[in-house]
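User: I would like to learn how to read a residue's surroundings, and then a whole chain, from a model. Please take me through an example.

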Amino acid sequence: MNNLIEIRWHGRGGQGAKTASLLLADAAFNTGKYIQGFPEYGPERMGAPITAYNRISDKPITIHSNIYEPDYVVVVDDTLLASVPVTAGLKKEGAIVINTTKSAEELKELLKGYEGAVYAIDARKVSEEALGKYFPNTPMLAAIVKVSGIMSDEALLEDMKNSFKHKFAKKPEVIEGNMKALELALKEVRKI
Amino acid sequence: MSIRERLSGNEATAIAMKQINPDVVAAFPITPSTEIPQYFSTFVANGDVDTEFVAVESEHSAMSATIGASAAGGRAMTATSANGLSLMWEMIYIASSLRLPIVMALVNRAVSGPLNIHNDHSDAMGVRDAGWIMLFSENNQEAYDNMLMAHRIAEHKDVLLPVMVCQDGFITSHSIENIELENDEDVKKFVGEYKPQHYLLNADEPIAVGPLDLQGYLFEHKAQQADAMRAAKNVIKEVSADFEKWTGRKYDFFEEYKLSDAEVAIVCMNSTAGTTKAVVDDLREKGVKAGLLKVRMYRPFPAEEIAEALSHLKAVAVLDKSDSLNAAGGALFEDVTSAMYVNERYVPMVNYVYGIGGRDTTEKQLESVFLDLVEIAQVQNVDNPYRYLGLRKGEN
């Protein structure tokens, strides 16, 4: 693992990309890392493209700018591939993780010559199977952890269990479904 | 023993306020400082503090209520940003001239118009001559630490001035980062109990606060405020030294980062200083002797000390996150160049107005400033001292 890992999230307002980036920061913090988790605030509207960022490092992080050359990009909604330059600056040694059911050929065209690794996961299927509803952020969180190797599967699951207990203290019935979504996503994400 | 945590700058500020447990907090919500009174009102509702929380109807009232509480003898706090501070304007001057040790969190944001909710320092620069002590914070840790030191400074008998703790809106106020918190008991001990000398609710000493003050006295009272601002330098030094003894975290009037052997340096405040540190490290590896002077204490302004710290350099860039729109330089540039002139130091200096309205300040931009400085250092001549950084070309 490199000393500094930079991740950029692309999603649409309401899909939980910001929350996912903060949960990732939390989980990495709990493994002893230095972390940053911050969204790019704009006019927040349901469905509008949003960006969020993570820096994760073994050393204190002093940089306070957006991320232009990320190691990883997470795309929570594949309709963004046509309208947002998601691979801009993405390192070719890095990877992009996309919530999609599109074929390898379709993705190749949409990613406009990105040379690095491409990972796909059907977060809708995972979420609907585990939660009965479409919340793509939990599966995407598991997918980026799996692809980046920021922490082990076990460390993620253990940490998120505690985190969900706190986050969903008033609706504990959704904890099991979210944990199941993480577990399924860890298995489902695949390189294409 | 510090507590390892991860918090946003706003959360860190609210937690500092919880640990300080002031008598009164009066605030009105405004982006990006809204979360501070929001979190704090939760602490009030949960009984974590015994503060009287006043949910006022405007920022003018927020500062007025804070002034009333402080004049009555209470420890009073508030938080705001940008246009909220603009609306407080009248009361900002009254707070400092009544010598009330109020503490305010200012989460820096561009003042309208046109409307913008993002970070620059135009709000803080608008009140730089209002008689408030102004401390700037690079990150959540410094926002927290400055807040813990603020009351000790404000309430000191030689000072009795309000203190403003600034941090960058969204960039640090909404970014989750690692932080070392101190435990409640230690904070309580460090901040201490507030024992006002003169206050309205003291039945044994009836006083008037803020009466008419005409030709015969206002001048002398203003000179006393200026004396208090001068005296604040020593107090800030002492309180920072005590803070370092307690936490191990060192604070001075400004931070020198790889400055002592530098040839070229940037002077700036708040979060950009952190990004500059990364650029300095990178340039040092490439053989450029780059350095940074990060101003923490902007008011009082440490003119003599800054002039001394910059005197050995071959070229200096001062970065202003607010345009003074005066056909001359930004506020920080004018302060630094004036400090150099008065202290008979000459170093070629250049001013960059940057980051306006939340324009992201990147490592590349800051590196370009250092490369400009290397060139200025060679020719020892500045063609155009008033420049922009990060402005799109052809649109100004």
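Analyst: This is a predicted model. Not counting residues up to four places away in sequence, B:Phe28 touches B:Val56, B:Ser58, B:Glu59, B:Ala62 and B:Gly84.

User: Where does B:Phe28 lie in chain B?

Analyst: B:Phe28 is in a loop of chain B, the one between β2 (24-27) and α2 (35-45).

User: Is B:Phe28 buried or exposed?

Analyst: The general idea is to count neighbouring C-beta atoms: a residue is buried if 20 or more others lie within 10 Å of its own. B:Phe28 has 24 other C-beta atoms within 10 Å, so B:Phe28 is buried.

User: How far apart are B:Phe28 and B:Ala62, in sequence and in space?

Analyst: In sequence, 34 residues separate B:Phe28 and B:Ala62, while their C-alpha atoms are 6.4 Å apart.

User: Now chain A. How many helices and strands are there in chain A?

Analyst: Chain A has six helices and seven strands. Their order along the sequence is β-α-β-β-β-β-α-β-α-α-α-α-β. The radius of gyration of chain A is 15 Å, close to the 16 Å from the globule rule for 192 residues, so chain A is as compact as a globular protein of that length.

User: What share of the residues of chain A count as buried?

Analyst: In chain A, 46% of the 192 residues count as buried. As for contacts in chain A with a separation of 6 or more, 63% are between residues 24 or more positions apart. Along the principal axes, the C-alpha atoms of chain A fill a box of roughly 45 × 40 × 35 Å.

Terms used
Residues are numbered from 1 along each chain as its sequence is written. Chains are lettered from A and ligands numbered from 1 in the order in which they are written. This is a predicted model: local features need pLDDT of at least 70, side-chain atom pairs count only at pLDDT 80 or more; totals for chains, interfaces and linings use all residues. Helices (H or I, at least four residues) and strands (E, at least two) are DSSP runs, numbered from the N terminus. A residue is buried if 20 or more other C-beta atoms lie within 10 Å of its own, exposed if 12 or fewer, and partly exposed in between; C-beta atoms are placed from the backbone. Two residues are in contact if their C-beta atoms, placed from the backbone, lie within 7 Å. The radius of gyration is taken over C-alpha atoms; the globule rule is 2.2 Å times the number of residues to the power 0.38.
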